Amino acid sequence: MNAPTSTAADVVVIGAGVVGSAVAFFAARQGLSVTVVDRAGPASGTSSSGEGNVLISDKELGPELELARYSLGVWRDDLAEFAHLWEFEPKGGVIVASRESSLASLERLVASQREHGITVERLDGDALREAEPEVTPHALGAAYYPDDCQVQPMLVAAHLVRLAREHGARLVTKATVTGLVRRDGRVCGVRTTAGDLGCGAVVNAAGPWAAEIAALAGVRVPVEPRRGFVLVTEPLPPTVRHKVYAAEYVDNVGSSDAGLQASAVVEGTPGGTVLIGSTRERVGFDRTPSADALRTLARNAVALFPFLAEVRALRHYHGFRPYSPDHLPVIGPDPRAPGLWHACGHEGAGVGLSVGTGKLLAQALTGKPTELDLEPFAPQRFGATEGFGTTEDGDA
């Protein structure tokens with residue numbers, strides 16, 4: 001762990017996951033002095049338990065889709081030289097419909113997305129089987145999204161933190177945030193179990209714990225944990241060529257249901273293993289493995305790719321996605337608590353949206369016009385401040 005210092009930074013970022021590390025990298029590259037603080041270390045929370053989606057295909061028309069398109073440009077342009085570090089794969093995504101009702105919904109989705117400039121190709125049954133020979137014979141059709149990509153999220157967080165440090169950023173690990181420091185009504189520092197960190201701005205990138213950080217400033221950011229499981233198979237020869245998922249997945253992404261939801265999401269990895277998702281359920285921070293969720297994952301995967309019935313699952317993992325009730329992330333300064341900024345609430349899209357969020361927030365932190373309007377993501381949409389709560393006065 002790097003010990004805190006009394007020297008104030010321009011920015012303290014709370015959280016060293018993919019979002020926090022992206023904020024730190026782009027802010028440091030803009031010339032700001034940055035300190036990243038995490039209670040464990042890079043990618044120790046949500047970023048270690050996802051699949052690494054960089055998707056256009058599952059985004060509803062509106063602000064999140066625009067952020068996804070912006071972020072894709074950041075991945076491909078600003079960060080192109082580093083793509084090999086986090087196993088960036090422009091593999092493309094395929095949405096499969098196996099029911100007439102799903103096919104009709106998929107065709108409507110494709111039509112609306114094309115009207116808004118999304119690149120998508122309609123696949124009939126023959127074209128689908130050419131693209132994915134092992135897919136279920138019951139598939140009626142599909143949509144192919146060439147812009148869908150994949151990364152290894154733990155590598156993203158680790159390398160962005162390292163690159164941020166090359167630009168002068170500091171990393172403080174094994175330090176739990178216990179309070180925020182304010183002076184004259186403004187947040188100006190962070191209290192941690194390893195000492196105080198003074199700063200000009202605090203960025204709340206605490207993922208599913210973001211509501212706890214916001215509460216330290218007496219403001220409401222209703223981000224909740226939404227648990228998700230992933231199965232990992234034994235290594236296989238290259239078999240699943242794209243990120244392939246059932247059409248029902250799109251509805252599950254946009255649902256606010258607290259109960260267990262599951263739809264097949266299957267993809268190969270460079271190491272040969274196949275990742276099988278996806279489940280969603282709001283059960284707080286309950287880490288108990290769910291046999292029901294795992295059985296459902298396996299059953300759905302076999303329905304999409306029958307050959308998986310003969311493949312061993314080596315392990316599973318699960319974690320908590322930062323769910324926001326309106327399905328939009330929270331990005332930008334919080335006028336209810338001046339000095340506090342947010343970069344949280346991305347739910348399952350956090351990996352893909354992280355670098356766009358980081359670049360936009362760095363622009364705003366340096367007083368520059370942002371290349372994408374942050375108003376739809378404004379934290380004050382959740383209501384007025386209730387006071388400073390447990391935030392403390394004093395010097396940091």
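Which residues are linked in a network of salt bridges? The network links Glu51, Glu89, Lys91, Lys243 and Glu267, where a salt bridge is a side-chain nitrogen of Lys or Arg within 4 Å of a carboxyl oxygen of Asp or Glu. The model is predicted, so local features need pLDDT of at least 70 and side-chain atom pairs count only at pLDDT 80 or more, while totals for chains, interfaces and linings use all residues. Residues are numbered from 1 along each chain as its sequence is written, and side-chain values use heavy atoms, with hydrogens and water left out.

**Salt bridges**

- The structure contains 20 salt bridges.
- Side chains of opposite charge can pair when their charged atoms come close.
- Glu89 is partly exposed, with a relative accessible area of 23%, whereas Lys91 is buried at 13%; buried means under 20% relative accessible area, exposed over 50%, and partly exposed in between (1.4 Å probe, protein chains only).
- Arg29 and Asp78 form a salt bridge between their side chains, at 3.7 Å from N to O.
- This pair joins distant parts of the chain, with Arg29 in helix α1 (residues 18–29) and Asp78 in helix α2, 49 residues apart; helices (H or I, at least four residues) are DSSP runs numbered from the N terminus.
- Arg29 counts as partly exposed, at 36% relative accessibility.
- Lys59 and Asp58 form a salt bridge in which the closest N and O atoms are 2.7 Å apart, and both residues are buried.

**Cavity**

- A search of the whole structure finds 1 cavity of 30 Å³ or more; on a 1 Å grid over the protein atoms alone, a cavity is a set of points where a 1.4 Å probe fits but cannot get out, and its lining residues have an atom within 4 Å of a point.
- The volume of the largest cavity is about 40 Å³, taken as the space filled by probe spheres set on the grid points, which are joined across faces, edges and corners.
- Its lining consists of Val54, Leu55, Ile56, Lys59, Ala68, Ser71, Leu72, Ala349, Gly352 and Leu353.
- Helices α2 (63–78) and α9 (350–365) are the elements that give two or more residues to this lining, and α2 supplies the largest share, 3 residues.
- By class, the lining has 7 nonpolar, 2 polar and 1 charged residues; Ala, Val, Leu, Ile, Met, Phe, Trp, Tyr, Cys and Pro count as nonpolar, Asp, Glu, Lys and Arg as charged, and the others, Gly among them, as polar.

How values were computed:
On a 1 Å grid over the protein atoms alone, a cavity is a set of points where a 1.4 Å probe fits but cannot get out, and a pocket is an open set with protein on both sides within 12 Å along at least five of seven lines; lining residues have an atom within 4 Å of a point.
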